Amino acid sequence: MDYKQTVDYLYSLLPAFHRIGKAAYKDNLDNTIDLNHYFGHPHLNYKTIHVAGTNGKGSVSHMLSSVLQEAGYCTGLYTSPHLKDFRERIRINGEMIPENEVIAFVDKHRTIIGNIKPSFFELTVTMAFDYFARKNVDIAVIETGLGGRLDSTNIITPVVSVITNVGHDHMGLLGDTLQKIAVEKAGIIKENIPVVIGESGLETRDVFIEKARDTGSSVFFADEEFRCEIQDNPTGEGGWKFTVENMHNNEKVSGYTALGGDYQSKNIQTVFCVCRQFENDLNITQKTILKGIRNVIKNTGLMGRWQILKRNPLIICDTGHNYEGLQYTMRQIDRIPARRVHMVLGFVADKDLSIIFPLLPPDATYYFTKASMPRSLDEKILKENARSFGLDGNSYPTVAEALYEATLNAADNDLIYIGGSTFIVAEVI
C-alpha cells in the first residue's frame, strides 16, 4: 500500500472519534495496555510531559515542544486531531513522521492490529510512542485526546502533568458537570509527579487539590503564579507582544508570540509555570522559554490558532469550538473595527449549540456549512437552528462554497471569520 491507501486502511478498519464520534470512544485502557506490551513499553525509553484540558492543550503542547527544542533536546510531540495530514499528529523537532514510517508500521504489525482491533486513536498513540523510542528522542510532549483518566495516552509517567482548564465539551462522555469532567482530567495526575493547572476554576479547584493530595503530588495553579497580558495588535517584530509577571516577586519579562488570540495569555502563563517545574533538571532558562514561545510556529508547524489568512478583507480562522473557547474569540472579534463581519461556520452534530449561539454576533452575516466528514451537522439544519436565535444567513454544502460567497460579499474593510469546528478550519488552511 502507498501512504494514502495506508491511512484509508486505518480509517476503514478502526473506529476514529474525530470522524464518527461517541461510537469510537473506549471506556478502558485494555487495548492500549495490550499494544504497549506487544511493542515492549516504548514510552519508558524517554521522558514525557503529559498535557490535558478542554481548551489550550494543543497550543501549550506545541509551545512546550518549541521550548525544549530551543534548549537543544530531541523532542517528540504527539497531538490530535490533525488539520491536513495524519502525520501532523506525530512529530520530532517539528518534522512530521515520514510517510514510509507510517506505511511500514501498519504493514509490519497488521497481524496484531487485526487481533486486538484497536481504535484509530489507540493505534496512533502506539505508533507515536514506538516512533519516538526508535528515533531516540530525549523527551516527548504528549497531548491527551479526550478526557484523561481513560485516554490512551494515560499509560505514561511524565516529569510533570499539565491540565490547562476544564470546560463544557464532550459532556456526553466525560460527565454533565464541570466537577465530573475535572475528575476525568485529573486522572492523568500520577504518584509524586507535580501537576500544573492552567486555570483555578471555582467549580474544579478542589477536585485537583484532592487528587493531588491522594497522589502525593505538588499542585500549582498557573493563574496564581503568573499573569500574562498580550497587546491587542500584532507588532512588526513578528507577532503579538506579551508581558508575563511573576505574582510572587512582581518580576516582569516581555516577549513575542506568533500566535494570536486573547486565550494565548492563559496558555503562556501555563507554559511559564510548567517550565519552572523542570527548569533545573533540563536547564531551561527564561531566554529559552521566550525563544520557544516566539518560534512555536516555525519549530512545530502549529496552525489554526487565530490565524490570519489574508488582509483586505481580513480573514481569520480559529479552531476554538466550545463555549469557553468561542467566548474568547467572539470578544476579540467584537474589538476589531470592521465595517461588517462575515461568519463562515460549521459544527459537529453532537455539539450543544444552545449555549454556543448566544455567543455569536447577531448583526453578522452567516454562511452556514459543513466539513466533509460523517460527524458534521447538516448545513441546512444548522441554518434553521441558528435562525431561532436570531442569526441569519444562507447555507452552503461545502466550506469552499461558503468561503467563496463570503469573499465575494466582503469589502476590504470587512472581517471574515472561519470556525465553529476544527474540521471547518482544516478545509480552509
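Select Ser59, Val60, Met63, Leu64, Val67 and Leu68 in helix α4 of this predicted model. They meet Gln264, Asn267, Ile268, Thr270, Val271, Val274, Cys275, Phe278 and Leu282 in α12. Contact here means heavy atoms within 4.5 Å. By class, the residues of this contact are 11 nonpolar, 4 polar and no charged. Nonpolar covers Ala, Val, Leu, Ile, Met, Phe, Trp, Tyr, Cys and Pro; charged covers Asp, Glu, Lys and Arg; the others, Gly among them, are polar.

Now show both helices whole: α4 is residues 57-70 and α12 is residues 264-282. Helices (H or I, at least four residues) and strands (E, at least two) are DSSP runs, numbered from the N terminus. The two helices pack at about 40 degrees, with axes 10 Å apart. That angle makes α4 oblique to α12. Angles under 35 degrees count as roughly parallel, over 145 as roughly antiparallel, 65 to 115 as roughly perpendicular and the rest as oblique. Axes are lines fitted to C-alpha atoms, for helices over the stretch in contact, and angles run from 0 to 180 degrees between N-to-C directions.

Next, the sheet. Its 8 strands run in the order β4-β3-β2-β5-β1-β6-β7-β8, open and with mixed pairing. Go to the edges: β4 (95-96) and β8 (219-221) each have a single partner strand, so one side of each lacks a neighbour in the sheet. Strands count as paired if DSSP finds at least two bridges between them.

Move to β2 (residues 75-78) and β5 (residues 139-143), which pair in the parallel sense over 4 bridges. Leucine 77 stands opposite valine 141 in β5. Bring α4 back: α4 lies across β1 (47-52), β2, β5 and β6 (160-163), at about 175 degrees to β5.

Select α5 (residues 99-108) and α7 (residues 120-134). Their axes come within 11 Å and cross at roughly 115 degrees. The pair is therefore roughly perpendicular. From α5, Glu101, Val102, Phe105 and Val106 make the contact; from α7, Leu123, Thr126, Met127, Asp130, Tyr131 and Arg134. That contact has 6 nonpolar, 1 polar and 3 charged residues.

Last, colour by pLDDT, the predictor's confidence in each residue, from 0 to 100. The chain mean is 92, and 94% of residues reach 70 or more. Residues 17-22 stay under 50. Where pLDDT is low, the predicted coordinates should not be read in detail.

Residues are numbered from 1 along each chain as its sequence is written. In this predicted model, local features need pLDDT of at least 70, side-chain atom pairs count only at pLDDT 80 or more, and totals for chains, interfaces and linings use all residues.

Terms used. Heavy atoms only, no water.
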